[in-house]
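Please read the following note alongside the displayed model.

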Amino acid sequence: ILDAAEELFGERGFSATSLRAVIAAAEVNLAAVHYHFGSKEGLLRAVIHRKLDPLNQQRLALLDQYEAEAKGGSPPLRKLIEAFFAPMIRASEDPECGAGLMKLMGRVLSEPDFFLGKVAPALFQEVRLRFQGALEKALPKLPPRELFWRMMFSVGAVAHTLRFTPHVEVLSGGLCKKPDVEKTVERVVTFVEAGLKAPVTGGVR
């Protein structure tokens, strides 16, 4: 059921995918969907959690590692950025799940009301609080409101990177070639680090 739902939600989006289409693709009856997931919303929530929970666990494990290495101090900002973004970038290149993950997240983010209102709070609560605290410690002079805006811009830049890196050669007119995943991680971390460390202008204050 989850495999069928993931494929259909990724292709059609949440609103355009009916439970009838899911049960037909999964070759089960409607009662099975209601028994395991309760509703179409519950099914989508389960599909998203199945994809993103492992990434969040990787993020938290990396954060734990870097905080332990800092021995009570603040890990380098670059390490915090890597811990947050690298698991998603690496997963996008995974031959087994990368394409499906990117397709699903692209569709989900095109219908943000459900995702942001009903899935994201529970899915990202622990990750958000842990990284917010770590970043505030690493950037003590950056106001919390400004930190939020810069992280939002950073997430958008990484989402764009994941979506368009496979097409970078065409977009650049042949100037750039598709890099390997670790070079992409390095470029993203360098870009985000510069943005987070940029001076706060008077207008922003």
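1. Just after helix 1, Gly-13 adopts a positive phi of about 90°. Helices (H or I, at least four residues) and strands (E, at least two) are DSSP runs, numbered from the N terminus. The model is a predicted one: local features need pLDDT of at least 70, side-chain atom pairs count only at pLDDT 80 or more, and totals for chains, interfaces and linings use all residues. Residues are numbered from 1 along each chain as its sequence is written, and side-chain values use heavy atoms, with hydrogens and water left out.

2. Helix 1 itself has the buried residues Ala-4, Ala-5, Glu-6, Leu-8, Phe-9 and Gly-10. Buried means under 20% relative accessible area, exposed over 50%, and partly exposed in between (1.4 Å probe, protein chains only).

3. The protein chain as a whole contains ten helices and zero strands. Its C-alpha trace spans about 55 × 45 × 35 Å along the principal axes. Of the 205 residues in the chain, 37% are buried.

4. Among contacts (heavy atoms within 4.5 Å) with a separation of 6 or more, 72% join residues 24 or more positions apart.

5. The largest nonpolar core has 53 residues, and those touching the most other members are Phe-9, Leu-43, Ile-48, Leu-52, Phe-85, Phe-115 and Leu-196. Such a core is a set of buried Ala, Val, Leu, Ile, Met, Phe, Trp, Tyr and Cys residues joined through side-chain atoms within 4.5 Å. The elements that give two or more residues to this core include helix 1 (2-12), helix 4 (40-70), helix 7 (112-138) and helix 10 (181-197).

6. Which residues does Phe-115 touch, not counting residues up to four places away in sequence? They are Ile-48, Met-105, Val-108, Leu-109, Ala-120, Pro-121, Leu-123 and Phe-124.

7. Helix 10 has 17 residues and reaches 24 Å from its first C-alpha to its last, close to the 24 Å expected at 1.5 Å a residue. The expected span is 1.5 Å times one less than the number of residues. At the start of helix 10, a side-chain oxygen of Asp-180 comes to within 3.1 Å of the backbone nitrogen of Glu-182.

8. The buried residues of helix 10 are Thr-184, Val-185, Val-188, Val-189, Val-192, Glu-193 and Leu-196. Seen down the axis of helix 10, these buried residues fall within an arc of 160° (taken from the directions from the helix axis to the C-beta atoms), so they line one face of the helix. On the other side of helix 10, Arg-187, Phe-191 and Lys-197 are exposed.

How values were computed
A polar contact is a pair of N or O atoms within 3.5 Å; within protein, one must be able to donate a hydrogen and the other to accept it, and residues adjacent in sequence count only if both atoms are side-chain atoms.
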